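Subject: Structure for you to look at

Hello,

Here is the structure I promised to pass on. Please open it, then read my notes below.

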Amino acid sequence: MKLEMGHINIKDVQFGSESKIADGVLYVSEDALRQVVLEDEKLKSVSFDIAKPGESVRITPVKDVIEPRVKVEGPGGIFPGVIAKVGTVGSGKTHALKGMAVVTAGKIVGFQEGIIDMTGPGADYTPFSKLINLVMVIEPIADIKQHQYEKAVRLAGFRAATYIGELARELTPDETHVYETCTMKEGLEKYPELPRVAYVQMLQSQGLLHDTYVYGVDAKQTLPTILNPTEVMDGAIVSGNCVSACDKNTTYHHLNNPVITDLFAEHGKTINFVCQIITNENVYLADKERSSDWTAKLCKMLDLDGIILSQEGFGNPDTDLIMNCKKIEAQGVKTVIITDEYAGRDGKSQSLADADAAADAVVTGGNANQVIILPKLDKVIGTMDYITKIAGASDETLREDGSLEVELQVITGATNETGFNRLSAR
């Protein structure tokens with residue numbers, strides 16, 4: 001499967017009378033975009049704002065971050081099964097707007113949404129502080145359930161990103177990257193001496209508001225399966241996830257998964273990047289056993305030499321992580337884990353809820369319990385009403401001078417399991 005990814009570099013975002021991209025500037029008509037967002041009758045209103053790198057701006061509570069893209073050639077469309085009709089994606093040509101993102105915000109869940117600081121120490125921990133963010137603060141109608149609001153806002157974000165991405169359909173990319181994988185037989189013939197490596201991605205799926213969607217299907221309803229990595233670049237996996245801010249992979253992370261990018265960079269050189277295996281994270285023991293059994297079985301059937309295994313979430317999913325590691329290693333497949341840690345504020349506690357001697361190759365995303373001080377910023381997009389309630393905060397979070405004393409886990413994208421900050425900076 002071959003995908004040509006064209007990058008349209010966005011140098012600035014401004015509001016204008018019409019939506020268009022000209023000379024690297026994205027102009028957005030608020031009236032036109034408002035119509036797109038408020039198609040859902042469950043949403044009462046939306047306000048738009050723009051946050052740029054270095055500005056004294058705090059965005060909270062953040063729900064999702066999405067990079068606009070458009071399918072230019074090839075089957076399917078962006079966000080298949082969610083926005084576009086169900087159809088296999090990952091081939092042909094896709095244009096992506098680089099340097100900006102759509103951010104959805106509002107009082108959505110109220111205890112597990114996060115913060116994006118565009119300047120100061122908080123900005124150092126999130127990749128989104130480096131982007132020009134078009135922020136949508138969305139208010140629901142009265143008496144709506146949290147999960148209904150979450151779904152409405154999630155879909156509104158995808159509609160907005162699709163609307164903006166469509167503006168790049170006829171543009172000539174500033175640069176083009178080609179990603180191509182072989183069939184199993186072709187790979188064996190073309191790279192007989194290279195180790196066969198796959199990426200095993202664990203998707204958060206632990207109940208209501210802990211959701212990830214694959215071609216529009218909630219991952220908790222699936223069994224481990226194989227994807228071509230380029231499918232993910234076309235939006236085959238999207239977030240509906242309300243776990244701790246540093247612990248969830250936003251849709252932006254899925255679209256720009258750095259593990260996939262790094263493995264493609266080594267494909268045909270040091271490794272044969274065979275495929276991506278996705279598996280879920282479950283609540284009950286029997287489901288954990290089933291999914292980890294299937295994942296290990298797929299690794300063996302594909303005759304892999306090694307895999308990269310990433311986790312989303314912490315605590316309960318640590319069990320899934322170690323089960324996958326133990327069983328895949330038992331099949332003779334070398335396993336490297338990417339995870340974050342929760343080692344307590346002093347860093348001395350057991351950092352994962354489970355462990356095993358087989359987990360002897362681990363890449364850490366850092367200690368999410370680390371305490372940081374976020375200074376008061378000049379402007380807040382969204383609301384500070386929930387700042388003491390989000391995961392990683394406390395009743396003492398808001399200090400007299402307006403600064404915040406919080407754990408690192410409140411920062412959106414701070415120590416996410418795909419290793420976004422770390423691997424992308426390599």
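At what angle do the axes of helix α1 (residues 30–37) and helix α2 (residues 146–165) cross? They cross at roughly 140°, and the axes come within 8 Å. Axes here are lines fitted to C-alpha atoms, for helices over the stretch in contact, and angles run from 0 to 180 degrees between N-to-C directions. α1 and α2 are therefore oblique to each other. The cut-offs are these: under 35 degrees is roughly parallel, over 145 roughly antiparallel, 65 to 115 roughly perpendicular, and the rest oblique.

Before going on, note that this is a predicted model, where local features need pLDDT of at least 70, side-chain atom pairs count only at pLDDT 80 or more, and totals for chains, interfaces and linings use all residues. Residues are numbered from 1 along each chain as its sequence is written, and side-chain values use heavy atoms, with hydrogens and water left out. Helices (H or I, at least four residues) and strands (E, at least two) are DSSP runs, numbered from the N terminus.

Back to the first pair. The crossing of α1 and α2 is right-handed. From α1, the residues A32, L33, V36 and V37 take part. They meet A156, R159, A160 and Y163 of α2. Contact means heavy atoms within 4.5 Å.

**Helix α7**

Next, α7, which covers residues 285–301. Its 17 residues should span 24 Å at 1.5 Å a residue, and its end C-alpha atoms are 24 Å apart, so the two agree. The expected span is 1.5 Å times one less than the number of residues.

Which residues of α7 are buried? They are K288, S291, S292, T295, A296, L298 and C299. These residues cover an arc of only 155° around the axis, which puts them on the same side of α7. The arc is that of the directions from the helix axis to the C-beta atoms. Buried means under 20% relative accessible area, exposed over 50%, and partly exposed in between (1.4 Å probe, protein chains only). The cover over the buried residues of α7 includes β13 (196–203), β16 (225–227), β18 (272–280), β19 (306–310) and α8 (316–330).

**Helix α8**

α8 has 15 residues. It reaches 22 Å from its first C-alpha to its last, close to the 21 Å expected. Its buried residues include P317, L321, I322, M323 and C325. The buried residues of α8 pack against β13, β18, α7, β19 and β20. Just after α8, G332 takes a positive phi of about 85°.

How do α7 and α8 pack? Their axes are 9 Å apart, at an angle of about 35°. The crossing of α7 and α8 is right-handed. Among the α7 residues in the contact are L285, K288, S292 and C299. Among those of α8 are N316, T319, M323 and I328.

Most residues other than glycine have a negative phi, and most peptide bonds are trans.

- T60 and P61 are joined by a cis peptide bond, with omega about -10°. P61 sits in strand β6 (residues 57–66).
- D143 has a positive phi, near 60°. D143 lies in the loop between β11 (132–140) and α2. With a relative accessible area of 81%, D143 is exposed.
- D303 also has a positive phi, near 55°. D303 is in the loop between α7 and β19. At 53% relative accessibility, D303 counts as exposed.

**Two loop residues**

D354 lies in the loop between β20 (334–341) and β21 (362–367). At 25% relative accessibility, D354 counts as partly exposed. What does D354 touch, not counting residues up to four places away in sequence? It touches D318, T319 and I322. D354 and T319 are 35 residues apart in sequence, yet 5.7 Å apart in space, C-alpha to C-alpha.

G392 lies in the loop between β23 (379–382) and β24 (404–407). Is G392 buried or exposed? G392 is buried, with a relative accessible area of 11%. Leaving aside neighbours within four places in sequence, G392 is in contact with R345, V406, E407, Q409 and V410. The C-alpha atoms of G392 and Q370 are separated by 9.4 Å, and the two residues are 22 apart along the chain.

Best wishes

How values were computed:
A crossing is left-handed if the near helix is turned anticlockwise from the far one by less than a right angle, and right-handed if clockwise.
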